[in-house]
Amino acid sequence: MLVVGIDVGSTSAKAVLFDGRIKVYAIQPTGWSPREAGAEVLAEILDKAGLSRREVANIVGTGYGRVALNFIDQAVTEITCQARGINYLTGKAGTIIDIGGQDTKVITVNEQGKVVDFVMNDKCAAGTGRFLEVMATAMGMDVDELGSLPENVNPVNISSMCTVFAESEVISLLAGGVAREEIVAGLHRAVARRVKSMLKNTAPATVVFTGGGAKNEGLRRALAAELGVEVMVPAEPQITGALGAAIIAWEGNGGAVAHN
Amino acid sequence: MSDTYREMWRELNMDLEKHDVFLGTLPVAFGEVFLRQENRPAGMAYFDNALAEAHGGRIQEILAGKKAGRMVAGTFCVFAPEELIFAVDGISIGLCGGAQFTVPTGEQVLPRNLCPLIKSAMGFKLDRICPYFQAVDFLIGETTCDGKKKTWEILNEYVPTYVMELPQKKGTADLTLWEGEIHRLKEEIEHRSGREITADRLASGIKMANARRDALARLYRARWADPVPISGKDALLISQLAFFDDPERFTAQVNSLCDELEDRIARGEGVARKGAPRILVTGTPMALPYWKLHHLVETSGAVIVGEETCTGTRYFAGRVAEDGRTVEEQVKDLARRLTAINCACFTPNKERVEDILRLVRDARADGVIYFSLQFCQPFGVEGRLVERALQEAGVPVLRLESDYSEEDVAQLKTRIEAFLEMIAS
Ligand code: SF4
Ligand code: SF4
């Protein structure tokens with residue numbers, strides 16, 4: 001049996017083809033149309049695997065674009081899917097920190113991979129990928145470059161988590177001659193503190209960091225430092241939602257999954 | 001729209017152009033949210049029409065009453081003792097605002113970081129697109145949250161605003177204070193209406209308000225059934241209309257709708273399948289035409305089976321004793337409602353948690369959504385204590401904060417659906 005999970009987020013669309021294990025996966029930018037992005041990423045994995053749509057038994061869609069996907073069999077939120085995906089990878093209960101383009105989520109998962117509790121930022125962009133993107137632009141950098149700056153610098157204090165205020169703060173720090181890596185470290189620490197406040201005083205034991213934000217090593221280090229625990233990043237942190245969707249599709253068709 | 005209505009709006013000094021734009025948005029929203037629902041009770045037809053005529057027929061009625069010498073008072077809080085208004089045969093209108101449309105105008109005179117309910121209400125007045133605001137003789141405000149309390153001072157520049165001091169605790173001294181405030185309002189109303197409030201008249205005012213409370217309590221009880229005989233959206237609409245409609249007619253209509261709902265229950269008929277996830281909503285009021293949360297929840301496969309809000313159970317809490325023989329006794333009885341309504345403006349407010357837990361049990365709710373309007377301090381801050389108490393009782397709870405805009409609909413939907421998935425698993 002073959003099933004597919006598709007996760008269409010605000011910045012990228014991901015798909016996983018699953019046959020009891022991950023067979024192939026693909027990541028594409030979302031662009032303007034979530035539906036097209038979903039269709040294209042599906043086409044890409046089918047192409048890679050040399051399969052046709054008819055050979056796929058079940059497709060589960062997730063991510064903010066899930067409602068736009070008219071070719072899927074079922075839509076499930078990314079919160080539930082992340083939980084299943086990470087539980088499949090780790091086999092443990094724990095806390096997932098997911099930093100995507102527009103949202104930051106903290107999800108608490110039990111041993112069976114079920115969501116026990118979750119917190120998600122509201123309208124405010126503070127602490128999301130968007131926040132770092134705006135700051136990167138303000139510094140004339142690409143958001144992907146943020147994570148690769150040197151490690152041993154003193155983070156500068158960023159006093160505002162409001163995207164609008166922090167942007168002008170960053171600009172005036174630059175103008176004041178503060179080094180870019182110190183500002184970036186400061187921004188990472190600010191995001192990490194924001195995430196910590198979403199944990200509502202519970203000190204997590206196992207933390208898995210996912211989403212596009214998890215590709216930023218500097219941010220991972222900042223989270224580990226603020227939370228005082230080890231923060232793990234899966235090999236492909238962007239596809240865990242799509243993986244969870246695939247597992248739900250698999251189980252929905254009567255498949256059983258062994259942990260990875 | 002008929003020419004008579006246009007003429008009427010012009011006489012009310014409304015901004016006709018802006019009003020057209022505002023009214024133009026409503027039918028679409030209403031059709032989308034309400035008319036598409038399946039198997040709606042036939043009795044909803046009255047309320048659909050009441051909403052359609054909210055700026056038309058109902059205003060005509062109020063203006064006719066006004067011509068005949070009836071006083072028209074606007075209120076903003078469930079603590080306003082409407083019984084006194086009814087006692088002089090006055091007309092009472094609840095004026096909270098629930099539309100994003102008027103928020104930007106409200107922000108011209110109020111800070112942006114104030115709850116949208118206050119900004120919307122203020123905007124309705126400044127924009128001159130609410131015929132009720134234009135028709136009232138005066139407003140009755142209370143010292144509830146700071147936002148409202150300070151807004152009265154500004155609103156008073158546009159329409160006379162009388163302020164009652166609502167205590168923030170529920171002790172004996174507070175009750176005495178509130179009783180004095182009701183006496184003071186009584187004098188104000190007597191003065192404005194030119195009618196004396198006698199024990200007989202007040203007794204009939206109390207009976208009228210109680211009858212409406214009883215009808216709404218009956219409606220809310222019907223929602224405990226599984227399958228639920230009426231959607232949360234429809235029940236919310238009815239609660240919202242309670243603030244505008246003629247109380248006696250409204251009460252009769254709610255009761256006849258309840259007859260229909262009770263028949264449905266007896267037949268096991270509902271608007272959602274038996275066993276559909278049941279949600280209780282608690283938090284800030286949802287003023288007309290705010291339907292966003294209910295719509296999101298009920299288009300995600302769940303049903304809302306109750307609201308612990310001021311457009312819900314808090315509105316009809318605190319039935320007033322009907323056996324007071326003197327005005328003195330009656331005012332004491334009216335004051336006692338203070339202890340029966342558990343609003344976050346009070347401290348401490350532990351009874352609210354008890355109310356919520358009881359409602360969860362009665363309505364057999366699977367989970368609670370704690371909803372607060374953005375920048376609402378009382379309900380925002382109290383959320384933590386309520387959330388913890390619910391978790392300790394093993395009741396799943398989702399906290400949401402939002403405003404009247406549509407920007408965050410996708411995020412809210414994700415959270416609501418994830419919450420429902422969590423409850424189901
Ligand atoms: S302006 Fe700042 S505080 Fe306001 S919503 Fe945006 S990021 Fe948040
Ligand atoms: S919702 Fe909150 S802030 Fe707004 S009027 Fe009510 S109590 Fe005040």
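The area buried between chain A and chain B is about 1,600 Å², and carbon and sulfur atoms give 51% of it; buried area is the accessible area (1.4 Å probe) that two parts lose on being put together, summed over both. The structure is a predicted model, in which local features need pLDDT of at least 70 and side-chain atom pairs count only at pLDDT 80 or more, while totals for chains, interfaces and linings use all residues. Residues are numbered from 1 along each chain as its sequence is written, chains are lettered from A and ligands numbered from 1 in the order in which they are written, and side-chain values use heavy atoms, with hydrogens and water left out.

Chain A brings 21 residues to the contact and chain B brings 19 residues, where contact means heavy atoms within 4.5 Å. The rule finds 1 salt bridge across this interface, a salt bridge being a side-chain nitrogen of Lys or Arg within 4 Å of a carboxyl oxygen of Asp or Glu. Arg66(A) forms a salt bridge with Glu417(B), and the closest N and O atoms are 2.8 Å apart. On the side of chain A that touches chain B, α2 (78–90) and β8 (115–120) each supply at least two residues. Helices (H or I, at least four residues) and strands (E, at least two) are DSSP runs, numbered from the N terminus. The largest share of that side, 5 residues, comes from β8(A).

In chain B, Ser300(B) is found in the loop between α14 (292–298) and β6 (303–308). Ser300(B) has a relative accessible area of 19% and is therefore buried; buried means under 20%, exposed over 50%, and partly exposed in between (1.4 Å probe, protein chains only). Leaving aside neighbours within four places in sequence, Ser300(B) is in contact with Lys413(B), Ile416(B), Glu417(B) and Leu420(B). The side chains of Ser300(B) and Lys413(B) are joined by a polar contact of 3.2 Å. A polar contact is a pair of N or O atoms within 3.5 Å; within protein, one must be able to donate a hydrogen and the other to accept it, and residues adjacent in sequence count only if both atoms are side-chain atoms.

In chain A, Val257(A) is found in the segment after α7 (240–252). Val257(A) is partly exposed because its relative accessible area is 24%. Beyond its neighbours within four places in sequence, Val257(A) is in contact with residues including Phe18(A), Arg84(A) and Tyr88(A).
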